[in-house]
Amino acid sequence: MKKEYIKHLCIRKLCILGVRKLNYLRIMGNSKLFKGSLNTIILKMLEEEGKMYGYEITQKVKELTKGELNITEGALYPALHKLEAEGLLDVEVAKVDNRLRKYYKLTEQGEKETVNRLAELEDFIRSMQQLVNPDWSIQ
Amino acid sequence: MAISKEEVLYIDNYLKFLGIKYLDVRLEILDHLASEFESTEKQINLGDFLRTKRPFVKNYENQWQKAKHWGHQKALIKRILGYFYKPNQLFIPICIGIFLGFNTTLLPKSLIAISFFISLIVPQCIHFYVYYKPVGIYKNIQSAKYILSIMALPSIFMYLMGIMAPIVKESPTVFYAYWFFAMVFNIAGLQEVMILKRQIVKTYNKLISN
C-alpha cells in the first residue's frame, strides 16, 4: 500500500515537472520566434499609443498576447536604446508622482520605418503560412 | 499601491550603491523598478525585491552603452553615405571638393599642409567644446559620452597621418583623396554631435542644471 502511494506520488511529481518543462519550452520557443520582431512590436505599440514608458510597453504586450509573450526588461531596454540612437524614437522626461519618467515616442523617421517594418513582417507571416500550411494562408 | 517618496529615495540609493552614477540612466531604472514594485500583488519587502533585480541593474548600463555606441556609429555611416546619394546633401561633398580645388590652385605647398591640419584639428576642438559645455552635461548625463565616441572614427584620419605620410607625400592624388574623406567624416561627425547635443539638452534640461 505504502509502495503504491509512493509510486503514485512520484508519477504525479513527474507529471507536474513535465507540464512545467513543456510550458517552459513553449514559452522559450515563442520567445525565440518573437525575438526577431521585438523592434517592430515596440514600434507598433508606440504607433498605436503615441507615447509610452518602458514598463508600460512590457505590460501592454503581455496583456495583448494574453501572457504568451513576456518581454523582459533585459531585452526591452537595449532595443529601445538602439531605436533611439538610430533616430527612430524621441525621448521625453516628465515628472510622474514622486519620480521622473522617460517616455518614448516615434519620430517622423520612426513613423515611416514602422510602416515599412510592418509591411515586411506581414510579408514574412504570409510566406511562412504558405510554407507551413498552404490551406490557411492569407489571400 | 503607489510607492512613497522614501521608497523612491531608497531605490535611488540602492542604484547609487550598485554604481549607477549618471542621472539619465538612473531615472529610467528607478522608474521601471518603482512601477514593477507598485504593480506586484504580493506583499514583498522592497529590499528583497531590489535584490531580485540586481542582474538587470548590473547589465543595464553595459547594454545601454553597447546599443547606443553602435546606434550612433550606424547613424554616422548612414549620414556619410547620404552625402553621396541624397540630392539635398550633395552640396556638402561638392563644397569640400571646391575647397580642396581652391587649396590646390591658389595656395603654396607650405600653406596647403597648414590648411590640411587646421581642417582636421578644428572639428576635434569643436566637439570637445560641445562636450564640456555646459558643465552639467558630461557630469550628469551618460548620453553625453557619445559626443566623444561619435568623433572617434573621424579622428582616425588625424592619427593615421603618421603612417600615411610616406604614401601621401609621393602621390598628390592620394593626399587629396585622403583629405577629402577626412573632411567628409569630420563634417558628418560634427553634424551628428550637434544633433545629439540638441537632443540631450532638450530631453534632460532638468537634470543638466542639477
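1. In chain A, residues 24 or more positions apart account for 44% of the contacts with a separation of 6 or more, a contact being a pair of heavy atoms within 4.5 Å. The model is a predicted one, in which local features need pLDDT of at least 70 and side-chain atom pairs count only at pLDDT 80 or more, while totals for chains, interfaces and linings use all residues. Residues are numbered from 1 along each chain as its sequence is written, chains are lettered from A and ligands numbered from 1 in the order in which they are written, and side-chain values use heavy atoms, with hydrogens and water left out.

2. Chain A holds five helices and three strands, and from the N terminus on its elements follow the order α-α-β-α-α-β-β-α. Helices (H or I, at least four residues) and strands (E, at least two) are DSSP runs, numbered from the N terminus.

3. Of the 139 residues in chain A, 33% are buried; buried means under 20% relative accessible area, exposed over 50%, and partly exposed in between, with a 1.4 Å probe and protein chains only. The accessible surface of this chain comes to about 9,200 Å², and 58% of that surface belongs to carbon and sulfur atoms, the areas coming from the Shrake-Rupley method with a 1.4 Å probe, where for residues only the protein chains shown count as cover.

4. Over all chains, the whole structure has 22 salt bridges, each defined as a side-chain nitrogen of Lys or Arg within 4 Å of a carboxyl oxygen of Asp or Glu. One of them pairs Lys68(B) with Glu84(A) at 3.2 Å, N to O; because Lys68(B) lies in helix H4 (residues 54-85) of chain B and Glu84(A) in helix H4 (residues 73-85) of chain A, this pair joins two chains. Lys68(B) is buried, at 3% relative accessible area, and Glu84(A) is also counted as buried, at 11%.

5. Within chain A, Glu92(A) and Lys105(A) form a salt bridge whose closest N and O atoms are 2.9 Å apart. This pair links distant parts of the chain, with Glu92(A) in strand S2 (residues 89-96) and Lys105(A) in strand S3 (residues 99-106), 13 residues apart. Glu92(A) is partly exposed at 25% relative accessibility, and Lys105(A) is partly exposed at 29%.

6. A further salt bridge brings together Glu38(B) and Arg99(A) at 3.1 Å, N to O, and it crosses between chains, from helix H2 (residues 23-39) of chain B to strand S3 of chain A. Arg99(A) is buried, at 3% relative accessibility. Both residues belong to a network of salt bridges that links Arg99(A), Arg101(A), Asp31(B) and Glu38(B).
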